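Here is a short tour for anyone meeting this structure for the first time. Have a look at the sequence and the 3D view, then read on.

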Amino acid sequence: MSDLGTPPVEEEVFSADEHVAAENLAAVSALRTEIDETDLIIETRGLNKRYGKLHAVKDLTLQVPKGAIYGFVGPNGAGKTSTMRMLTTLMRPTSGEAHINGFSVTKDPREVRRSIGYMPDFFGVYEDMKVWEYLDFFAACYEIPEGQRPGLIRDLLELVELSHRRDDMVDKLSRGMKQRLCLARTLAHDPAVLILDEPASGLDPRARVEIRELLIELAKMGKTIFFSSHILADVSEICTHIGILEAGEMVMQGPIKELRKQLSPHRTIVVTLLNRPDEAKQALNLIAGVQNIHDLEPEDGKPRLKIEFTGEDTGISEMLQALMTKGIPVVNFAEEASDLEDVFMKVTKGIVT
Amino acid sequence: MRRLPNPFRLIARNPVALKELRGRMRGPRAFIVLTGYLIVVAGFTVIIYLATTEASLSTTGEVDGGTVGRFLFNSVVAMELFLVTFITPAFTASAISGEHEHQTYDLLRTTLLPERSLVWGKLFSTLAYVMLLLLAAIPLQSIAFLFGGVDLPEIYIAFVTLFATTTLLGTLGVYFSATTRRTLKANIFTYVSTMGLVVITAMAVMVLVSIEVSRSFGGQNNITVAGEWVLLLLRGVFVCLNPLTTLLTSQDYLINQQSAFSFVYTFSDGSTVTLPSPWIVYSIAYMVLSALIFWRTVRVMSEIEE
């Protein structure tokens, strides 16, 4: 059959991607407001890990609420993987306590394993197996009854969009597909928490986007996702919470919105006008909470103002209303979101153990 | 009355055993290994047949069927023993270390799979494959029946002894694989232990037999019955730790004393004692050792990284 007359494929995919991205942002925003900060599913107190003289994790107190997408951020060697290995019962803490879903990682390792799905920072796939056999094997390891496995495998492959590769050998899959298959494996026993070590590491941009979408999808299904990353763009886009680890110490953690607020005490609004910038400055200076107004480089000859403001959304609305009342022509009026990279640079000192 | 469990269901319940068997039997590899193994054993059998018939003709002028049959049978079993000694460690030494090297060990450890199921699955799949090789060679062993000189119990004894050997060497391979975490190291340790076991026990038997022979032929009968007991037990221990000496002595007792399960030893003062045939002691000792090593492997695997 001829493809003539069909719309350009690239364009269609791109617009679909944009649509999905917008949906994802909305989903993450919804998640950020729904989470109960007191209902913790991962909690550590005074967690320490020493390797001889090296103190890899120092008195770590980690608090991950149920349903959160928690980005565990830190430079290489900060102690992220050691923490994850302790949480997944693979390594014994030198001291301190860690609980997942109410179970102690040292006293109830089996229950912890039942509660988590773990994906390490390497693929860990058996190359000599078919895709369905790989999932069947792990489902069996998670004690899923034989009769339930075919349906489960079908659902998992559908979720990670690998149904069409069901009978292929694992070694024939691309890197991104292998990563998705690994993610499907972690879900075989329907765990409450997913612990993922650098899930997007080494993937091409498209595969990274696909993994991000998958994580949001899983969060919407009610899973708590705890993942480490040093790709701040990923963390900032999909996380509800972050924890920043440096040299084995937690330097900051909490809901991403609050952290931004703490580190940037004022909000920044950028206004682009057609003309009359001085009149605009006068009008804006009358609004309570406006701290400073700076002139920015004009854009295509249009004057731009940067307003530093401390206050609530009502104050921002008043600013726009004041400009409208004076009849000042506004082309663009937007709050500038503080970049997570700024947050990260502010709280870390660049120490690597 | 309770029904006996279906063995295939039992295998399917151990995901590791099922995965390993699937992987081992997939593609042409399993067929090639089995065919190659049978060609080697069959070729060797033909050479032995030609050599023994030639020797028999040149010494007596006629073919002594019994001698040819027994020699053929012994040669095939020795060949199988040699292959088992080399193949089993090669299969099992990568059992756990391979999981480390393929970075799948952590994935398994975070599942609900008990350590004993992991070790058993690995061991079972290797034993099953080596058993397949041994069973496939039974028709070649049975050629000896055409010539006579071999009884059915000899086949059973050979099979049980080979099975016990495979089990111990397999368990040893898995143990070193779990403790060293590197296949190369595990291979070296397993082969060194295997060679140590086979060579040291064989040398000890040779030394003890030469003492016995020199004592008998030198006319030095001043040894007490207690001393004879010590020598007997010492020799028995070493004989029963070596697969080759076990097979040869068990066959000797079977032929000369017509008993597969026991033999009678006569001391220099004329008193006698009935002892179990070496293959029984050997099989029990190897299976007990295997169980202990298996238990230790599970313990090692259960330890959480510090």
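## Chain B on its own

A quick note before we start: this is a predicted model. In chain B, take the contacts between residues at least 6 apart in sequence: 76% of them join residues at least 24 apart. As for its make-up, chain B has 13 helices and two strands. It is 306 residues long, and 45% of those residues count as buried.

## Where chain B meets chain A

Let's turn to the contact between the chains. On one side there are 23 residues of chain B, and they are in contact with 33 residues of chain A. The size of an interface is often given as the accessible area lost when the parts come together. Here that area is about 2,800 Å², with carbon and sulfur atoms giving 57% of it. Three residues stand out on the chain B side: B:Leu107, B:Thr110 and B:Leu112 supply 27% of what chain B buries against chain A, more than any other three residues.

Three salt bridges are counted between chain B and chain A. B:Asp106 forms a salt bridge with A:Arg85, where the closest N and O atoms are 2.6 Å apart. Polar contacts between the two chains come to nine residue pairs. Helix H2 (15–25) and helix H6 (105–109) of chain B each bring at least two residues to the side that touches chain A, and H2(B) gives the most, with five residues. Sorted by class, that side of chain B has seven nonpolar, six polar and ten charged residues.

## Nonpolar cores

Which residues have the most contacts inside the largest nonpolar core? They are A:Tyr134 and A:Ile225, in a core of 69 residues. Setting aside neighbours within four places in sequence, A:Ile225 is in contact with A:Ala68, A:Ile69, A:Tyr70, A:Leu194, A:Leu196, A:Leu215, A:Leu218 and A:Ala219. There is also a second, separate core of 29 residues, which includes A:Ile41, A:Leu60, A:Phe72 and A:Val112.

## A buried threonine in a strand

A:Thr268 sits in strand E11 of chain A, which covers residues 267–273. Is A:Thr268 buried or exposed? With a relative accessible area of 12%, A:Thr268 is buried, because that value is under 20%. Not counting residues up to four places away in sequence, A:Thr268 touches A:Lys306, A:Ile307, A:Ala334, A:Glu335 and A:Glu336.

## Salt bridges

Side chains of opposite charge can pair when their charged atoms come close. Over all chains, the count comes to 23 salt bridges. One of them pairs A:Glu43 with A:Arg45, with the closest N and O atoms 3.4 Å apart. A:Glu43 is partly exposed at 25% relative accessible area, and A:Arg45 is partly exposed at 43%. Another links A:Arg166 to A:Asp167, with the closest N and O atoms 2.9 Å apart. Both ends are partly exposed: A:Arg166 has a relative accessible area of 36%, and A:Asp167 has 46%.

A:Arg206 forms a salt bridge with A:Glu210, the closest N and O atoms being 4.0 Å apart. These two residues are four apart in helix H7 (residues 205–220) of chain A, so they are separated by about one helical turn. A:Arg206 is partly exposed, with 47% relative accessible area, and A:Glu210 counts as partly exposed at 24%. Over in chain B, salt bridges that share partners join B:Lys19, B:Glu20, B:Glu99 and B:Lys122 into one network.

Technical notes
Residues are numbered from 1 along each chain as its sequence is written. Chains are lettered from A and ligands numbered from 1 in the order in which they are written. This is a predicted model: local features need pLDDT of at least 70, side-chain atom pairs count only at pLDDT 80 or more; totals for chains, interfaces and linings use all residues. Side-chain values use heavy atoms; hydrogens and water are left out. A nonpolar core is a set of buried Ala, Val, Leu, Ile, Met, Phe, Trp, Tyr and Cys residues joined through side-chain atoms within 4.5 Å. Buried means under 20% relative accessible area, exposed over 50%, partly exposed in between (1.4 Å probe, protein chains only). Contact means heavy atoms within 4.5 Å. Buried area is the accessible area (1.4 Å probe) that two parts lose on being put together, summed over both. A salt bridge is a side-chain nitrogen of Lys or Arg within 4 Å of a carboxyl oxygen of Asp or Glu. A polar contact is a pair of N or O atoms within 3.5 Å; within protein, one must be able to donate a hydrogen and the other to accept it, and residues adjacent in sequence count only if both atoms are side-chain atoms. Ala, Val, Leu, Ile, Met, Phe, Trp, Tyr, Cys and Pro count as nonpolar, Asp, Glu, Lys and Arg as charged, and the others, Gly among them, as polar.
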